[in-house]
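Have a look at the picture first, then read on.

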Amino acid sequence: MTSRQQSPEDLFASQEAFPSGNPPREERCRVLLPLPVEEPYDYLAPLDPNGLAMGLVPGALVEVPVGPRKLTGVVWFEKTRTGKGEAYALSRLRSVLSVRDVPPLTEELMKTIEWVADYTLAPLGAVLKMALSVPAAFAPEKGLQQLRLSDAFDSSVKLTDARRKVVSVLQKGGGWSPGDLAREAGVSPSVVKGLEKTAVLTRYEEQSEPAFPLPDLSMTGPTLSPDQDSAARSIVAALDEEGFRPILLDGVTGSGKTEVYFEAMFRAFEKQKQVLVLLPEIALSAQWLGRFKSRFGVEPAQWHSDLTPSQRRKTWRAVASGRAPVVIGARSALFLPFPDLGLIVVDEEHESSFKQEDGVHYHGRDMAVVRAKEAGIAIVMASATPALETITNAQNGRYEHLVLPGRHGGAGLPDVGLVDLRVDKPPREGRAAAFLSPTLREAVRQTLDAGEQAMLFLNRRGYAPLTLCRTCGHRFQCPHCATWLVEHRQWGRLQCHHCGYQVARPETCPSCEAEDTLVPCGPGVERIAEEAALLFPESRLALMTSDSLTSPAMTRTMVERVQSGDVNLLIGTQVVAKGYHFPDLTLVGVVDADLGLFGGDPRAAERTFQLMHQVAGRAGRAEKKGRVLLQTHDPDQAVMQALASGDRDRFLAEEADNRSRGGLPPYGRMVALIVSGADPQALDDFCLKLRRKAPEGQDYRVLGPVPAPIAMLRGKHRRRFLLQARRSVPVQGLVRQWLDLEKIPSSIRVTVDVDPYSFF
Ligand code: ADP
Ligand code: ZN
């Protein structure tokens with residue numbers, strides 16, 4: 001099929017438009033469009049005098065007419081999936097308009113796309129859309145005009161509101177085309193034009209064919225310890241053997257997993273192969289980028305949702321033409337059109353944020369394994385707390401298992417203590433509720449007195465998760481969702497974390513009109529910060545949450561403030577749990593370790609273990625010994641005991657046992673169906689019909705319909721079905737057949753989630 005081309009120049013060969021005049025003959029070709037369609041459509045492909053469809057190798061990007069529009073699709077395999085539609089007569093087909101100026105997609109990527117569609121039950125075209133996510137990249141824009149903030153820009157200068165909006169977009173960094181800039185800032189193009197006449201903006205030309213610099217292979221990493229060295233050698237050997245090699249790199253935080261896979265990346269660069277590194281959160285990337293740069297001397301290409309349109313275009317094109325040797329990205333980077341991928345790294349592979357929960361419901365780690373398999377390359381999955389799925393694959397030999405036993409340099413793992421909140425009760429000061437126990441307060445005080453840093457962790461944004469009226473009991477609920485509104489005191493607002501609805505916090509109760517009667521219930525991080533500020537008035541306290549760190553630049557600034565010691569008491573949500581290295585942080589206090597254990601998630605205990613372990617891993621990363629205190633109402637439960645004893649493998653064994661007895665993943669399969677609609681009666685009627693057609697068999701069962709835990713979301717009522725099956729059951733086929741039996745009314749939506757990770 002598509003051959004691996006040698007150089008970028010070859011990749012762009014065969015891209016000329018068709019010669020003018022009538023093509024000699026035509027034949028049918030199949031073009032898959034980036035639309036929610038299950039199948040490629042037939043088009044006419046002009047033939048050259050030798051009878052070959054010109055430029056139309058499978059994978060070629062072509063522009064075709066779709067109704068009144070023109071769209072870019074991909075010439076698909078000849079035989080693929082059983083077509084449902086009848087074949088149209090040649091005379092009724094429309095012609096391909098042109099071949100786009102981009103190298104064809106590789107067979108490997110096309111097969112991955114088919115695999116993902118089959119597995120997730122998503123329309124094939126919807127999966128392709130993820131690979132063709134930057135239509136602006138399909139045409140060369142020679143000498144693209146770009147605007148950036150000029151070096152002479154003085155931020156104290158007075159600007160109109162509209163101009164200020166433009167400047168704040170530019171302050172994110174990067175170059176912008178004038179049109180993109182106006183759109184992003186929400187101003188008219190004339191505002192941008194006007195600014196161009198001032199000293200605020202600089203105009204420059206983007207180089208015509210974007211490229212990212214090659215890693216500097218003359219630089220060397222640290223001398224690896226014997227354990228690290230042997231792990232690195234195993235991965236390099238896997239790379240050299242060429243072929244699909246899935247590897248679990250399993251080591252505590254700080255054991256040097258990153259240094260080890262850097263060596264593997266080095267080898268891939270030597271072989272002039274492209275490398276993809278998937279990270280769970282963009283928040284992590286600032287620190288990761290710094291480490292990459294000090295190891296390889298250059299900045300890698302990045303792929304995440306915060307890129308400007310011209311950065312996206314540049315990166316997509318550079319990847320496609322083989323001019324991006326390495327991409328670090330969020331899960332969607334998986335669908336980039338690498339022509340010559342040689343290695344994939346999935347760091348923090350256990351993170352559930354690799355699972356995409358809208359559009360195509362796919363798991364980034366699992367589909368990365370699929371891509372590695374189709375490409376015939378090595379994939380390294382790194383974690384201190386591997387997912388049970390991954391550990392199981394390692395234990396049964398499907399994945400190679402490399403273990404780094406200790407922290408680098410002999411730094412010890414932190415001591416983990418449990419604080420029993422039933423006896424070690426947070427003392428109330430007057431009427432104000434308190435959430436920090438005497439033990440935790442004392443530990444924070446000692447840490448700060450010793451000149452070290454402490455962190456308080458609570459995985460809940462805002463001030464309080466619920467507000468109620470003390471007089472009449474009124475609770476503030478979202479008008480569009482079956483959820484409580486979360487108070488954000490810093491903005492004086494009540495907010496729905498599901499749909500974004502918000503109102504100002506009223507002075508009087510909207511129900512009984514009593515004044516000064518609203519009380520917050522339960523803590524969010526802002527409330528913990530308030531308590532800590534009262535208890536430790538001399539501390540230098542900072543909040544780290546997704547509300548306070550809204551850009552990579554702000555995150556970087558905050559990380560620097562913590563690293564420089566400017567902050568000594570850090571209070572945060574899960575954004576602080578991720579991979580940061582704060583050498584003077586010696587105490588981590590978890591305000592509510594039980595928080596993730598509620599709800600119907602079969603992975604709740606595993607996730608709590610992973611999150612607590614990761615948070616705990618922030619403590620004592622350098623010479624000083626770290627200490628962790630977990631506040632819990634039930635210190636006897638298995639997950640708390642495992643955290644206190646540090647016996648991960650025993651916990652995993654017990655967890656494996658529980659899950660295999662319950663037929664839960666990874667020992668059984670699950671598919672969730674979320675059925676939603678605005679009219680609850682119509683929804684329930686439809687769900688009953690669906691229930692009656694539900695497949696029945698020995699090896700599987702269908703549960704539901706039941707109201708989803710969040711029974712209304714954005715004005716739509718929600719019901720859930722769950723198909724639970726033995727591993728051997730081909731669940732996709734069952735669900736496909738089931739849904740084919742019952743026509744879905746246009747007012748109702750059925751979302752299929754294979755291997756669900758969220759249960760709301
Ligand atoms: P992990 O990815 O397992 O959390 P890292 O690779 O981030 O571990 O290593 C933790 C810290 O120890 C980093 O600052 C890293 O540079 C350092 N480190 C790891 N291995 C070595 C080594 N062999 N020599 C020097 N420093 C090392
Ligand atoms: Zn809402």
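**The zinc site**

The four donor atoms around the zinc ion (ligand 2) make angles of 105 to 113°, which makes the arrangement tetrahedral (four donors count as tetrahedral if all angles lie between 85 and 135 degrees). Keep in mind that this is a predicted model, where local features need pLDDT of at least 70, side-chain atom pairs count only at pLDDT 80 or more, and totals for chains, interfaces and linings use all residues. Residues are numbered from 1 along each chain as its sequence is written, chains are lettered from A and ligands numbered from 1 in the order in which they are written, and side-chain values use heavy atoms, with hydrogens and water left out.

- The zinc ion (ligand 2) is held by the SG atoms of C478, C481, C496 and C499, at 2.3 to 2.4 Å (donors are N, O and S atoms within 2.8 Å of the metal, or 3.2 Å for Na, K and Ca; water is not among the atoms, so sites may look incomplete).
- Along the chain, these donors follow the spacing C-x2-C-x14-C-x2-C.
- Both C478 and C496 are buried (under 20% relative accessible area, 1.4 Å probe, protein chains only).

**Around ligand 1**

- Of the 15 residues around ligand 1, T223, G254, T258, E259 and R291 come nearest (a residue is near if one of its heavy atoms lies within 4 Å).
- In the side chain of R291, an N or O atom is 2.4 Å from an oxygen atom of ligand 1.
- A polar side-chain atom of E259 sits 2.8 Å from an oxygen atom of ligand 1.

Definitions and conventions
Polar contact = N/O pair within 3.5 Å; in protein donor to acceptor, adjacent residues only side chain to side chain. Tetrahedral: all angles 85-135°; square planar, octahedral: opposite > 155°, others 65-115°. Buried < 20%, exposed > 50% of the residue type's maximum accessible area, 1.4 Å probe, protein only.
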